[in-house]
Number of protein chains: 2
Amino acid sequence: MNRWVPGFTGSTLDRADLVRTNPEQLAALTGSLSARLLVLDGIDPVLDQDGLMVWKSLAEADPSSELIFLGFDDGKPRFAEVRPDLPRGASRSPAIFRMLDIMPPGEAGTYAAARSLIDWHLRHGFCAQCGTRTEMFRGGWGRKCGQCKAEHFPRVDPVVIMLAEHDGKVLIGRQPAYPPRRYSALAGFLEPGESLEEAVARELHEEAGLRASNVRYVVSQPWPFPSSLMMACIADADRDELTIDYTELEDAIWVTREEVQASLDGDPDAPFLPPPPYAIAHTLFRRWLEGGG
Amino acid sequence: MNRWVPGFTGSTLDRADLVRTNPEQLAALTGSLSARLLVLDGIDPVLDQDGLMVWKSLAEADPSSELIFLGFDDGKPRFAEVRPDLPRGASRSPAIFRMLDIMPPGEAGTYAAARSLIDWHLRHGFCAQCGTRTEMFRGGWGRKCGQCKAEHFPRVDPVVIMLAEHDGKVLIGRQPAYPPRRYSALAGFLEPGESLEEAVARELHEEAGLRASNVRYVVSQPWPFPSSLMMACIADADRDELTIDYTELEDAIWVTREEVQASLDGDPDAPFLPPPPYAIAHTLFRRWLEGGG
C-alpha cells in the first residue's frame, strides 16, 4: 500500500447519478443477474485474502432490507442493504481499523460510501421537519417524507485537520481516547457561516491559543465514522507558546521534521506514534516533510 | 468592497465555544443589558446606510422564540431568534441578493452563520432518529432528543465549484434559473465516500463529459442558502469536446482569459455576465486571471 495516497481515495466506483434518479433503470438493475450485494458483518466489511470486500448475489438480500444502489464497479451494479436489525449508530469496532490496515485505499473508498450511507439511513428514518417516517428514494441517496414532502440528503460533515507551523516545527496533539503515545494533527468540525480558512484559524485558537495565518489547503479524504470529509491544511502560527483546551486535548507539543520523520519510520526512540497510513493526518505529515503546503 | 476577498468571509464574530456549552454563562448573558438581538425581516437582515445589520436589545425578543447565541462581537453578546411564525425553508428573496451587493463580506459572514442556523432549526424540529420533537441545546448550535437522547448538529454541506482548464481556456456553464447572459463555474454537492478532488472530477465528468486531473484547491466561502460550504478549485481537462448534461446545465462554453477579464470589467461586448462579487465563482475567476491555482 502506497502510504502517500490518501486513505479512502481512488475508488473505481462509477456512481452513475443518472441511473440513481431513474426508477425504471433502478428496477431493472435490481432484477439483473449480475447485480452484487456487499457482504457485511454488522456494518463492517468481510475481506478476502487480498483485502478486497466480499460480494454476493443481490438475490440473497434480506427481503425486509432497504437497498442502496452504490453504482457500477467492474461492469456490475453494486448494492448495499440497510437491514432493519442493524443497530442504530453502529459504534466503531476495533476490527474495522485492523481491516483498514490491509484494504487498498480505493477499496476503502467504496466501503466508505456504503458505510456512511447505511449509517445515515439507520439514524435518519424520520422526517426532521415533521416527525413522520420517511422512505428511501434516489436509489438510497436520499429520503423523502410522504407527509410534508421534505427531501433529505445524506450528510457529509466537513472537518478541518491542520498542522500549525512555527519556526520549522509543527504542533501535534493527543486526545484522551488515543492509543498510548499516539499524537496527530489537531482537528475540528467546520461550522455554519465560516470558510475552510476561518475554521482552521478558529480551531487553532480554541484548542491551542494560537493566532494562525496563511492557511494552505493540502489534501482531503472521506472518513466514514460516520460521515466526515477531512480537509488537511497547514497554517503559520504567530508564536509557540500554547494555551491548551484540556476539554479537547490531553496534550499538545511542537515537533521537528526529524522527529516526525523518525515517528513515520517507526523509530522506537521517536517522540510519538503517528496516525495510521489510512488517516489523512499521516498523509499530511508526509506532505509536510516533502515541503508541501 | 474589495472584490478579491471571498464573500461571506472576515466576520469579527467570536463564537466563544466554551460559553456555548456552559448553561450558567449562557443564562447570565441572556440577562445581560448589553446583549443584542439581530433584527430580521422574515429571515433577511435589516441594513443601515453603511450596509451593516441592525440589532436591538435582547429584551425585545418574542417570548415564544428560541434563542441562538451567535457569539461576541464588539464586546457584546449577540443573539438571533428562531420565531415560531417564520416559514419553514424560507425561500431566497430577491431582496437578500440586493443587500449582499452592499454588505461588507465580514458582515455577510456573521449573517451567514445566523441565517444557516435559523433555517436549520426551522427545518429540523424533530428527531431524525425517532420522530420526537427536539429541544435546542448548546446555545442553539445543536438540538437534542429527550426521547432517544440523540444529539443533532447543524448541517454544513460541502459543495465543489470548479473551472476545468484546457489549452488556456476555462469552462463555464449556465443553469436555466440564472439571470439572462449569466454564466458561472460548474458546481455540485460532494457525496459520502469521496474526497474533494474526486468530487471535482466526478462533477466535471457528469456535467460536461470531461476527464479531470491535477485538481488544485483555490479558495472557499460559506453560502447560506441554506448551508453550503463552497470550495473552489481548478482542474486540468483532457479535452475541450463537451458532453453536456442538459438536466443540470442549459449551456457550457470555453472562454479565454481576455473574455473572462472583459466580463469582470463590465465590458458590454463580453461573452457573458459574471457572477456577483460576493459569490466564490467571482473570486475564482479573479484568482485564475492572477495565475492562482
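**Exercise 1. How many salt bridges are there between chain B and chain A?**

Before we start, note that this is a predicted model, where local features need pLDDT of at least 70 and side-chain atom pairs count only at pLDDT 80 or more, while totals for chains, interfaces and linings use all residues. Residues are numbered from 1 along each chain as its sequence is written, chains are lettered from A and ligands numbered from 1 in the order in which they are written, and side-chain values use heavy atoms, with hydrogens and water left out.

*Solution.* 
- Step 1: look for a side-chain nitrogen of Lys or Arg within 4 Å of a carboxyl oxygen of Asp or Glu.
- Step 2: the count between chain B and chain A comes to 6.
- Step 3: one to inspect is Arg15(B) with Glu194(A), whose closest N and O atoms are 3.8 Å apart.

**Exercise 2. Find which elements of chain B supply the side that touches chain A.**

*Solution.* 
- Step 1: taking contact as heavy atoms within 4.5 Å, 50 residues of chain B meet 50 residues of chain A.
- Step 2: helices (H or I, at least four residues) and strands (E, at least two) are DSSP runs, numbered from the N terminus.
- Step 3: α1 (17–20), α4, α5 (196–208), β13 and β14 of chain B each supply at least two residues of that side.
- Step 4: α4(B) gives the largest share, 6 residues.

**Exercise 3. Is Ser227(B) buried or exposed?**

*Solution.* 
- Step 1: locate Ser227(B) in the loop between β13 (212–223) and β14 (228–237) of chain B.
- Step 2: recall that buried means under 20% relative accessible area, exposed over 50%, and partly exposed in between (1.4 Å probe, protein chains only).
- Step 3: Ser227(B) is buried, because its relative accessible area is 9%.
- Step 4: leaving aside neighbours within four places in sequence, Ser227(B) is in contact with Ser116(B), Arg155(B), Val156(B) and Asp157(B).
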